Amino acid sequence: MRRITRIATVGIASAALALSATACGGKKSSDASSSPSESGQKSAAIAYDIGGRGDQSFNDAAYAGLKKAETDLKIKGAEAEPTDGEGEADKVQRLTELARKGNNPVIGVGFAYAPAIKKVAPKFPNTTFGIIDDTSVTGPNVANMVFNEEQGSYLAGVAAAKASKTGTVGFIGGVEVPLIKKFEAGFAQGVKDTNPNAKVLSAYLTQPPNFDGFAKPDLGKAAAQGQLDAGADVIYAAAGLAGSGAIEAASAKGKWAIGVDSDQYNQAGLAKYKDSILTSVTKDVSDSVFNLIKSVEDGKPTTGEIRYGLDKDGVGLADSNPKYKEMADVIAAVEKAKADIIAKKITVKTAP
């Protein structure tokens, strides 16, 4: 099965195509292409997480950072897609080939790349390897780009509790792993601190090693329908591409959805449901990718832990929906919570 890169020369595909390509669980990689470095032009590469580009969320945020680097730094970008049912060996091969082609940095989008980077990075000491959402693998040429997801999720919990009319809200996690538990913990704490009598329904789509919960919208849709039937009127899904199904379900019932990672109100593929997207918990994945590429281009590669929290606007809550902007009491509560977290008056939990 073909696994490796395509040159990033096209814009994001329409979501309709993206969703149909991935609704059955992941994507196959594109054809191999010659490396941009073969023409003498500097290049950087990203290897996508489950769901691939077109997920309207996590992977697309990383892609935006790569495109910004292409425009602002005049580099070439290479992309590598995941394959259906792949294992660690596939990721090792993917990263190895990206590095061999001269891309620098090479960025793994998601914690699943940790074992592969641990194996590949020592073999290419002059190449910087970035990994998003993981600190378990370290090395002199490894940059760990991590976020305080629980802080942004706390703000989402505040907004959900204030916007809910039933007093019942829902959380949907793609896969039950420690990273996604951070989203759940922050959200539930924000809800309860705002309305102690509120009820938080929680569900996970799959358990590891099955990671379909990040890739299949039908799973997110079914879970959301169950929570809506149980009285939830605000649903927050941290589930990558599968989260689009939860947004669809909430929209169909005239209820609120809260997006994740990207400002999903502005994602073209979700335009049909945008009026139901109250807000989104954003992670500045785009800037984290761009900043690492720029550090390499500047000759001063950043390595070690690079953390993005509320204090650096590395996580936050989007306000693109005009309906959200009209909710003065919600905005006031969110802004107070944000200030209190930054001032360390509120410590947000990282586990439920």
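The exercises below, each with a worked solution, go through selected features of this structure.

The structure is a predicted model, in which local features need pLDDT of at least 70 and side-chain atom pairs count only at pLDDT 80 or more, while totals for chains, interfaces and linings use all residues. Residues are numbered from 1 along each chain as its sequence is written, and side-chain values use heavy atoms, with hydrogens and water left out.

**Exercise 1.** Describe helix H5 and how H5 packs with H6.

Solution. Begin with the naming: helices (H or I, at least four residues) and strands (E, at least two) are DSSP runs, numbered from the N terminus. Helix H5 covers residues 149-163, and its 15 residues reach 21 Å from the first C-alpha to the last, close to the 21 Å expected at 1.5 Å a residue, where the expected span is 1.5 Å times one less than the number of residues. Next, 14 of the 15 residues of H5 are buried (under 20% relative accessible area, with exposed meaning over 50% and partly exposed in between, for a 1.4 Å probe and protein chains only). Finally, the axes of H5 and H6 lie 6 Å apart at an angle of about 40 degrees, the axes being lines fitted to C-alpha atoms over the stretch in contact, with angles that run from 0 to 180 degrees between N-to-C directions. H5 and H6 are therefore oblique to each other, since angles under 35 degrees count as roughly parallel, over 145 as roughly antiparallel, 65 to 115 as roughly perpendicular and the rest as oblique.

**Exercise 2.** Work out the order of the six strands in the open sheet and find the edge strands.

Solution. Two strands pair if DSSP finds at least two bridges between them. The order is S8-S7-S9-S10-S11-S13, with mixed pairing. The edge strands, each of which pairs on one side only, are S8 and S13 (315-317).
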